[in-house]
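Student: I am new to this model and would like to go through it one step at a time. Shall we start by looking at it?

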Amino acid sequence: MVVVGVTGMESLSLSEKAAKMRESLQKSQTITDNVVTILGSFDHRLSALETAMRPTQIRTHAIRKAHENIDRTLKAAEVVLAQFDLSRQAEAKILRGPHEDLESYLEAIDQLRSNISFFSSKKGFKNSEGVINHANNLLVKAIAKLEDEFRQLLASYSKPLEPERLFECLPNSMRPSSGSPGHHESSHKSPNHSEHQNSELETAVLTPPTLIPPRIMPLLHDLAQQMVQAGHQQQLLRIYRDTRSSVLEESLRKLGVEKLSKDDVQKMQWEVLEAKIGNWIHFMRIAVKLLFAGERKVCDQMFEGFDSLSDQCFADVTASSVTVLLSFGEAIAKSKRSPEKLFVLLDMYEIMRELHSEIETVFKGKACTEIRESALGLTKGLAQTAQETFGDFEEAVEKDATKTAVLDGTVHPLTSYVINYVKFLFDYQSTLKQLFQEFENGESNSQLASVTMRIMQALQTNLDGKSKQYKDPALTHLFLMNNIHYMVRSVRRSEAKDLLGDDWVQRHRRTVQQHANQYKRNAWAKILQFLSIQGLTSSGGGSSVAGDGGNSSGVSRALVKDRFKMFNVQFEELHQKQSQWTVPDTELRESLRLAVAEVLLPAYRSFVKRFGPLVENGKNPQKYIRYSAEDLERMLGEFFEGKTLNEPKR
C-alpha cells in the first residue's frame with residue numbers, strides 16, 4: 001500500500017516535466033525557422049555579390065599572368081642579348097687571329113661553339129637559323145686559322161737534331177769511334193767484342209732528347225684538341241705527319257743513314273758493305289732508343305686524351321724512316337750467303353733482339369701493328385740466314401778446294417781462318433744458343449759443342465786432302481803436324497776447350513806426336529842408314545887396314561869414304577830443303593829439332609869415332625868428314641826457319 005502511493009507521486013512530476021519540454025522545443029523550432037529564413041536571404045545576397053565580382057577577379061588574374069610572362073620574356077631576352085654580346089666579342093677575337101693571344105682565341109672558339117649550341121636549342125627564335133649559320137661560318141674560318149697557327153708553331157719548333165746532340169745521350173761505349181758523325185766500328189771486327197759489353201749496352205738507360213720545348217707543348221696540345229673537336233682530325237694528321245716525318249728523316253740523314261735498295265746492297269764490295277752494316281747497328285740503336293722514343297713522347301703529350309690519334313700520328317711520322325732502316329737489314333738477310341757474313345748477321349740479330357722490347361713499347365697500338373711485325377720479321381729473317389750460313393760454313397770447310405799451296409808445310413790459311421772463325425763464334429755463345437733454340441730441339445750447349453766438333457773434323461778432313469799435294473812424305477807429315485798443333489793450341493787457349501773437352505785435346509795432341517814421328521821416320525831414316533855398320537863389315541871381322549886399300553878386318557876404306565860422302569850430300573840436301581820448311585810454333589820447332597838431334601848426333605858421333613880413323617889417315621880427310629857433330633847441331637838449328645832459296649847460309 002505504501003509503495004503504490006509513492007509511484008503515483010513520481011509519475012505526476014514527470015508529466016509536468018514533459019509538458020515543459022514540449023513547450024521549449026516549440027520555441028526552438030520557431031527560432032530555427034526564423035534563422036533559416038534569414039540565412040537563406042544572406043545566401044541569395046552573397047551569390048549576387050559573387051556574380052558581380054567575377055569579372056574583376058578574372059581581369060586581376062590576367063594582369064598577374066601577363067606580368068609574369070613579361071618578366072620571363074625580359075629574362076629570356078637578356079640571355080639572348082648576352083649571347084649576342086658574347087658572340088660579338090668572340091667574333092672580334094677570331095678576326096684578330098690566334099697569333100697575338102692564342103689563349104683568348106681558343107676561348108673565343110669555345111664561346112662560338114657554346115653560342116651555336118644555345119641558338120640550336122632556340123628554334124622558336126625567328127633569327128636563330130641566321131645566327132647559327134653566321135657562327136658556323138665564323139667557326140670554319142677560326143679553325144682554318146687555327147690549322148695555320150698549328151702548322152707554323154709546329155714547324156718553327158721542329159728542327160732536325162745534329163748527330164752531336166744524339167751522341168750526348170749515349171754512354172761512352174756507344175759513341176762513335178772517330179770524328180766522323182757517321183763512322184762507327186763494326187763490333188764483330190774488334191777482338192774486344194764480348195757478350196758482357198753487349199749486355200751493358202742492352203741494359204743502358206738512355207734519356208731521349210727533347211724534340212719540342214716543354215713550354216710549347218701545352219699550346220700545341222690545345223690547338224690539336226680544338227681541331228679534333230672541330231672534326232678536322234685528318235687535317236691534323238696530315239699537318240703533323242708532313243712536318244715531323246721530314247724532320248725525323250733529316251735527323252737520320254745527318255746521322256749517316258742512307259736509302260739503299262736491295263740492288264745497291266748486292267753490288268757493294270764486301271769491305272764497304274761490312275762498314276755500312278756496322279754503322280746500321282748503331283743507327284738502329286740510336287733511332288729506336290732516342291729518336292723514335294723521343295717522337296713517341298711528343299705524340300703522347302700532344303694528343304693526350306686521344307690515344308688512337310696519338311698512335312696513328314706516330315705510325316705515320318715514323319713509317320718512312322723505319323722502312324729505310326729495316327729495308328737495309330732485309331737486303332742483307334736476303335743477300336747471297338757467305339761465311340764471312342755470319343758475324344755481321346749475328347751482330348744484326350743481336351741488335352734486333354736487344355731492341356725488341358723497346359720496339360714493342362714505343363710502337364704500341366693498332367696503328368703500329370705493321371711496323372712491329374716488320375721488325376719481328378727482320379729478326380726472324382736474320383736468324384734464319386745466320387742459321388743457314390752456319391750450315392754453309394761447315395760444308396764449305398770440308399769441301400774447300402782452294403789451290404793455295406803452302407810449300408813450306410806451315411799452317412794453311414784455311415786452318416787459321418777456320419780457327420779464328422770458331423774463336424769468334426764463342427763471342428756469340430748466347431746468340432748462337434738462341435738460334436739453336438729457335439730452329440732445333442735439344443740442349444743448346446751440346447748443340448754448340450757438336451757443331452764445333454763437326455767444323456773441326458771438316459777442317460781435318462780437308463787438311464788430309466791438301467797434305468796429299470806434297471810429293472815428299474816427310475813434308476806431308478810436317479804439314480799435318482803444324483796444322484793440327486795449331487788447332488790444339490788454339491782450342492786450349494780459348495773457350496772452346498770447355499766445350500770440346502780435355503779428351504778432344506789429348507786425342508789431337510797424340511795425333512800431333514804421331515805426325516812428328518812419321519816426319520822423323522820419312523825424313524831421316526835414309527840418312528841414318530849411311531851411319532849404320534850394316535854393309536861395312538865382313539863375316540871375318542878384324543880391324544887392321546891393308547895398304548892397298550883393303551883391310552884385314554873386312555872394312556873397306558872405300559865403303560867408309562862412300563858412306564861419308566853420301567851422308568854429306570844427303571845432309572846438305574836435307575839442310576837446304578828443310579831450312580825452307582816452316583814450323584811456326586817456337587816450342588814445337590825446338591822440340592822437333594831436339595828429337596832429330598837426339599837420333600842423328602849420337603849416330604854420327606859413333607860412326608865418326610869408329611870409322612873416322614880409316615879416312616883421317618888418308619888423303620884429304622876433310623873431304624869426307626866435312627862436319628863435326630857441333631856443326632851438324634848448329635845446322636839443325638837452321639831447320640824449319642822458312643828461309644828462301646836466295647838467303648845466304650848462316
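Student: Which helices each supply at least two residues of the lining of the largest cavity?
Tutor: This is a predicted model, where local features need pLDDT of at least 70, side-chain atom pairs count only at pLDDT 80 or more, and totals for chains, interfaces and linings use all residues. Residues are numbered from 1 along each chain as its sequence is written, and side-chain values use heavy atoms, leaving out hydrogens and water. Helices are DSSP runs (H or I, at least four residues) numbered from the N terminus. Those with at least two residues each in the lining of the largest cavity are helix 9 (270–302), helix 10 (307–333), helix 11 (342–362) and helix 12 (369–399).

Student: How much space lies in the largest cavity?
Tutor: A cavity is a set of points on a 1 Å grid over the protein atoms alone where a 1.4 Å probe fits but cannot get out, and lining residues have an atom within 4 Å of a point. Points are joined across faces, edges and corners, and the volume is the space filled by probe spheres set on them. The count comes to 3 cavities of 30 Å³ or more. For the largest cavity the space is about 70 Å³.

Student: Which helix gives the most to the lining of the second largest cavity?
Tutor: This cavity holds about 50 Å³ of space, and its lining includes Lys159, Arg244, Ser251 and Glu295. By class there are 5 nonpolar, 1 polar and 3 charged residues. Helix 7 (233–255) and helix 9 are the elements that give two or more residues. With 4 residues, the most comes from helix 7.

Student: Are helix 9 and helix 10 roughly parallel or antiparallel?
Tutor: Their axes come within 11 Å and cross at roughly 175 degrees. Axes are lines fitted to C-alpha atoms, for helices over the stretch in contact, and angles run from 0 to 180 degrees between N-to-C directions. Under 35 degrees counts as roughly parallel, over 145 as roughly antiparallel, 65 to 115 as roughly perpendicular and the rest as oblique. Helix 9 and helix 10 are therefore roughly antiparallel.

Student: Which residues of helix 21 make the contact with helix 20?
Tutor: Helix 20 (residues 586–616) and helix 21 (residues 629–636) pack at about 160 degrees with their axes 10 Å apart, which makes helix 20 roughly antiparallel to helix 21. Contact means heavy atoms within 4.5 Å. On the helix 20 side, Arg593, Leu600 and Tyr604 are among the residues involved. From helix 21 come Ala629, Glu630, Leu632, Glu633 and Leu636.

Student: Which residues in helix 21 meet helix 19?
Tutor: The axes of helix 19 (residues 557–578) and helix 21 come within 11 Å and cross at roughly 20 degrees, so the two are roughly parallel. By class, this contact has 5 nonpolar, 1 polar and no charged residues. Phe567, Phe571 and His575 in helix 19 meet, in helix 21, Leu632, Met635 and Leu636.

Note on methods:
1 Å grid on protein atoms, 1.4 Å probe; cavity = no way out; pocket = protein on both sides within 12 Å on 5 of 7 lines; lining within 4 Å. Nonpolar A, V, L, I, M, F, W, Y, C, P; charged D, E, K, R; others polar.
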